[in-house]
Amino acid sequence: MTRTQRKLNLNVGINTTGYLGHAWPYRTGTRHDINDPAYYRRLTELAHKGLFDAVFFSDHPALMTDPEGRPFHTIDPLILCTALAAQVPDIGFVATMSSTYNSPYNLARRTQSTDIVSGGRLIINIVSSFNPNVAANFSSEPLPPRHERYAKASEFLDVAKKLWASWDPAREGDVPEGRFWDATSAHTIDHDGTYFTVKGPLNVPVGPQGHPVIAQAGASEGGIDLAARHGEIIYCNILSRPAGRAFGKKVRDRARAFGRDPASIRIVPGLVAIVGETRTEALRKHELFSGAGSEDGLIARFIRENGIDPAGFDPDAILDAERFIPDPNRLLAVGMGLGLLDLLTHEKLTARQVVRRSEGHHRLVLGTPDEVADQIIDLWADGTVDGYTLQPPRAPDDIEEFVAKVVPILQDRGVYRTRYEEPTIRERYGLPFPEGTARPGDRPALSRLG
């Protein structure tokens, strides 16, 4: 797809019961769904019906045991995506994987294999892991400091890219009779760095996309650097046009400084959509699914989560942006917490307004199907974003509603596909193939599952 044929890109998150932790009592299904591969197949088939680019799995390899909550990450996403790719055609898969708790060779081998099996439909979302519970599952060593995790992640991806390109059958010359292959089509990478020493080559050849598309989530300074060096699809928290433009410019300027073409980056932030027959109905659904119960409950949650003294707090007073600068040393992801700061830096808003702009650290759009479609198109039309990762409050219910009521409107307005065309995710996003990599048409044809 060329940029002159630009279409809205949409992924959809399908973790367990849906995105919002308090919405599960209002969903269709049972609590056993979250460990059932058939459930994730149904969600993927539903996403395929809606012509989404990809289904998205976030991941923390740790079980959260809060009895008042629900598990949000269960089956390993890469294994699940590989199984789903064999059952559902066309649609892509985003598998979240940690650079802190993987080895580059093992990750490169597994992901290149899945990309080949799926016919070029894999996106890997590389995270550095911020949860100490994850660290405790791998060794007695504490979670490394944030700056070290990002430095390691950058070298990790340097190594993975070298490995992904280290055996390319398309480089074979004439194979002499009696020989199976030309071994010069593979080469060692001989990487000797700060964190990794890897000889190579990889024993899986170059895949149909050159290598899987790389997604990255993070808006802290370390996250921006990692996105600018390696990210092709950037998952982030953008709550307004000015904030989105500032973020996009920052990432692309940083990429340019690293010698990378900024046109090879797509901004695809998270989005929570709540659809109602009327805007009033959507507002009530928001209050219900958020667990707040009312607008006053939303404001009370805002006060509590931001450590504000409720005594004398005026929910209709303009908020001071500097009051919401996230602690750079906090354990939680810094980047997602910057969304509120960026919003308030560019817009003068009250708490009553803010609680209707963001949910679960993502942009909230709510209203009738037409109003939701308007809000989605709004930031896409001028290039502020390239698309969104829809995070449905409930699964499957809110995915079904979006596919039935919002997707047809986006199609009627000419901004969204009416059928799958491009065979690989890289082509679907209009992303360049890795330098020196032959495009699919220049490679021997491979069959694919799904």
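This report describes the fold, surface and nonpolar cores of a predicted protein model.

**Overall fold**

The protein chain is built from 14 helices and 13 strands. Its radius of gyration is 22 Å, close to the 22 Å that the globule rule gives for 450 residues, so the chain is as compact as a globular protein of that length. The C-alpha trace spans about 85 × 45 × 45 Å along its principal axes. Of the contacts between residues at least 6 apart in sequence, 77% join residues at least 24 apart.

**Burial, surface and charge**

Buried residues make up 54% of the 450 in the protein chain. The chain exposes about 19500 Å², and carbon and sulfur atoms supply 52% of that area. Its charged side chains comprise 52 positive and 57 negative ones, and the centres of the two sets lie 1 Å apart.

**Nonpolar cores**

| Core | Size | Residues named |
|---|---|---|
| Largest nonpolar core | 99 residues | Those with the most contacts inside it: Phe52, Phe247, Phe302, Ile376, Phe402, Leu410 and Tyr416 |

Leaving aside residues up to four places away in sequence, Phe247 touches Gly218, Ala219, Ile224, Ile234, Cys236, Ile238 and Ile267.

Conventions:
Residues are numbered from 1 along each chain as its sequence is written. This is a predicted model: local features need pLDDT of at least 70, side-chain atom pairs count only at pLDDT 80 or more; totals for chains, interfaces and linings use all residues. Side-chain values use heavy atoms; hydrogens and water are left out. Helices (H or I, at least four residues) and strands (E, at least two) are DSSP runs, numbered from the N terminus. The radius of gyration is taken over C-alpha atoms; the globule rule is 2.2 Å times the number of residues to the power 0.38. Buried means under 20% relative accessible area, exposed over 50%, partly exposed in between (1.4 Å probe, protein chains only). Contact means heavy atoms within 4.5 Å. Accessible areas come from the Shrake-Rupley method with a 1.4 Å probe; for residues, only the protein chains shown count as cover. Lys and Arg count as positive and Asp and Glu as negative; His and the chain ends are not counted. The place of a charge is taken as NZ of Lys, CZ of Arg, CG of Asp or CD of Glu. A nonpolar core is a set of buried Ala, Val, Leu, Ile, Met, Phe, Trp, Tyr and Cys residues joined through side-chain atoms within 4.5 Å.
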